[in-house]
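This report describes selected features of one protein model. Please examine the sequence and the structure shown below before reading on.

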Amino acid sequence: MTSAVDRRVEPVGQRKASVLGGRFGLATSNPTMSMVGSQVLSAGGNAVDASLAMAAVGWMVLPGQCGVGGDLFAVVREPDGEVWTVGGSGLGPDGGTPDFYRDRGHRAIPVTGALAVAVPGALAALRALHAHGASRSLEELFLPAVDLGRRGFACTAKTRNDIAEHAGALLADPGTRAAFLPRGAVPDVGDRLYQLDLAEFLLLIAADKEGFYDGEFAERAVASLSSAGAPFSGEEWGAAGAVEVAPAISGRYGDATVHQTPLPTPGWMVLQQAVICDGVLRGREQLDATSVHWLAEAARQAFRDRFATCGSDTDTWARTLDPHAVERARREISALRTSVCGPARVDGDTTSTVCVDEEGRSVSLIHSLAFTFGARVTVPGTGVVLNNRLGRGAYLIDGHPNEVRPGRKPLHTLNAWVADHPERGLLHVGNCPGGDGQVQWNMQVISHLIDHGSDPQDAVSLPRVTVFPGSDADVVGQPDELRCEVGVPQRTLDELAAWGHRVTRVPVQVGGPGGSAMVVSSDHDHGVLRVGADPRMEGTALAI
């Protein structure tokens with residue numbers, strides 16, 4: 001399954017072959033998370049069990065990127081082919097009218113502090129995921145995370161850099177200071193960090209002994225945020241706890257069906273790019289100028305449509321898949337000229353996991369606090385760092401489909417996918433954190449896998465390209481760029497520039513802005529799983 005791309009474009013990093021195994025496979029952005037997931041699977045748990053345990057461990061060991069105070073989405077494919085999703089995206093405050101923010105002198109919703117916070121959706125999604133597919137109790141699955149919080153864990157380079165970058169804000173909040181800067185100084189790589197308050201809190205919420213959405217925690221959170229000026233009533237917290245499973249949204253790419261997470265995620269943007277690019281990239285050299293042009297322009301079209309018409313609670317995205325709209329986009333792209341996309345950015349921290357168990361059940365799970373350490377405030381006494389999803393995802397633009405509104409979910413960057421075939425079954429399961437880079441990089445990885453038959457490790461390691469900006473509220477009007485990682489061939493860059501693309505070369509950075517893609521693929525010819533983890537992060541792929 002290794003692609004001929006190895007002779008043309010060098011993958012990032014040193015790993016060029018996926019990990020192989022026959023029983024189960026998984027990949028995460030942290031070795032401890034991967035270890036815990038493999039232990040759950042080896043002990044007889046299924047992919048849902050392993051994903052739940054890995055998510056909770058992520059809250060401990062990747063605290064800048066995810067947390068119980070954030071949001072979470074997952075897409076699950078059952079062995080019989082059924083695909084379902086969960087979406088935990090919190091609501092904005094009941095008093096969050098446009099006038100509320102403008103009356104306080106804001107031209108955009110703040111991205112830090114209490115006014116940036118939406119009700120966390122992560123726990124509600126995990127509970128729905130657990131109720132619909134787990135075989136172990138939540139208390140059992142949370143124990144590895146609780147143990148890490150109590151005993152401590154080694155600070156990784158990623159976490160150290162996150163803390164260093166935001167040390168001032170973390171020192172200002174008692175909860176974040178105690179957990180991440182206990183001596184008042186940035187920890188070194190390898191220093192032991194503890195999350196004692198969060199560990200004890202996870203024990204309570206796993207047993208549902210402290211109501212996160214309608215009990216003591218909710219009251220404490222609302223009181224703390226209200227005292228800091230946020231217009232929460234408390235009723236929106238109870239409403240955010242009601243998460244049900246939902247069907248995936250799906251589309252064709254080549255001979256595969258790609259299943260994605262529905263609104264408020266941008267999963268439809270991957271499907272739109274797929275239908276625009278379908279049949280164009282197969283047979284071409286990977287990362288030649290024409291391929292990159294099509295991938296970039298399809299992404300720009302998706303961002304334009306998102307900004308112009310799509311809110312978090314409307315079905316207008318479906319119009320983007322109309323054959324006439326697709327054909328119009330294909331004609332424009334085939335003219336080999338560049339366009340300008342809507343507003344966006346690609347930063348912000350998120351982490352994800354992919355997992356396939358020995359029955360063939362797959363889970364792609366992604367969760368985030370929005371920006372690094374979210375709003376950079378905690379709920380006192382709990383260790384729960386709160387997200388800044390409202391500040392990141394809702395606009396103060398009159399009449400915009402994503403204008404802030406009381407109790408409304410802001411638009412999201414998170415999405416997760418799985419691809420299958422009506423006869424061969426599961427093909428690939430994957431995701432890629434990275435703000436508005438996600439929908440672009442997921443499409444690029446899908447193309448590598450389906451158009452070129454790439455090995456999963458190559459697919460997640462190849463240089464990536466990114467149109468900037470995308471659709472975050474705080475970068476409206478920024479200059480348009482096509483950011484190409486080092487490793488994209490010079491001939492490609494020259495041709496793209498000649499066609500009008502404003503090309504910028506960016507370095508490949510460990511823990512940097514290139515995301516952290518994960519893929520598990522079914523190799524039906526050999527009866528094994530192939531697993532790849534992105535070398536841009538501290539990822540670990542395991543297959544047994």
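At what angle do helix α12 and helix α14 pack, and how far apart are their axes? The model is a predicted one, and in it helix α12 (residues 267-277) packs against helix α14 (residues 323-334) at about 65°, with 9 Å between the axes. In general, the angle between the axes and the distance between them are the two values that describe a pair of packed helices. The crossing of α12 past α14 is right-handed. On the α12 side, V275, I276 and C277 take part in the contact, and they meet V326, A329, R330 and I333 of α14. By class, the residues of this contact comprise 6 nonpolar, no polar and 1 charged.

**Nonpolar cores**

The largest nonpolar core contains 91 residues. W59, L126, L129, L202, F212 and W237 have the most contacts inside this core. Helix α2, which spans residues 47-61, is its greatest contributor, with 12 residues. Another core, of 50 residues, lies apart from the largest one and includes I276, A289, A302 and A459. I276 is also one of the α12 residues that meet α14.

Which residues does F212 touch, when those up to four places away in sequence are not counted? They are V68, P120, L123, F201, I205, F217, A218 and W237.

**A sheet of three strands**

An open sheet is built from 3 strands in the order β16-β17-β18, and its pairing is mixed. Strands of a sheet pair through backbone hydrogen bonds, in either a parallel or an antiparallel sense. The table lists the strands.

| Strand | Residues |
|---|---|
| β16 (edge strand) | 465-468 |
| β17 | 481-485 |
| β18 (edge strand) | 503-506 |

Each edge strand pairs on one side only. From one strand to the next, the twist averages 25°. β16 and β17 are antiparallel to each other and are joined over 4 bridges. Within this pair, V467 has L482 of β17 as its bridge partner. Helix α18 (residues 490-498) lies across β17 and β18, and runs at about 150° to β18.

**An exposed loop residue**

R107 is located in the loop between α3 (98-102) and α4 (122-133). Is R107 buried or exposed? Because its relative accessibility is 81%, and residues over 50% are classed as exposed, R107 counts as exposed. The C-alpha atom of R107 is separated by 37 Å from that of A128, a residue 21 residues apart from R107 along the chain.

Terms used: Residues numbered from 1 in each chain as written. Predicted model: local features only at pLDDT ≥ 70, side-chain atom pairs only at ≥ 80, totals over all residues. Heavy atoms only, no water. Core = buried A, V, L, I, M, F, W, Y, C linked by side-chain atoms within 4.5 Å. Buried < 20%, exposed > 50% of the residue type's maximum accessible area, 1.4 Å probe, protein only. Helix = DSSP H or I, 4+ residues; strand = E, 2+ residues; numbered from the N terminus. Contact = heavy atoms within 4.5 Å. Pairing = 2+ DSSP bridges. Axes fitted to C-alpha atoms, helices over the stretch in contact; angles between N-to-C directions. Left-handed = near helix turned anticlockwise from the far one by under 90°. Nonpolar A, V, L, I, M, F, W, Y, C, P; charged D, E, K, R; others polar.
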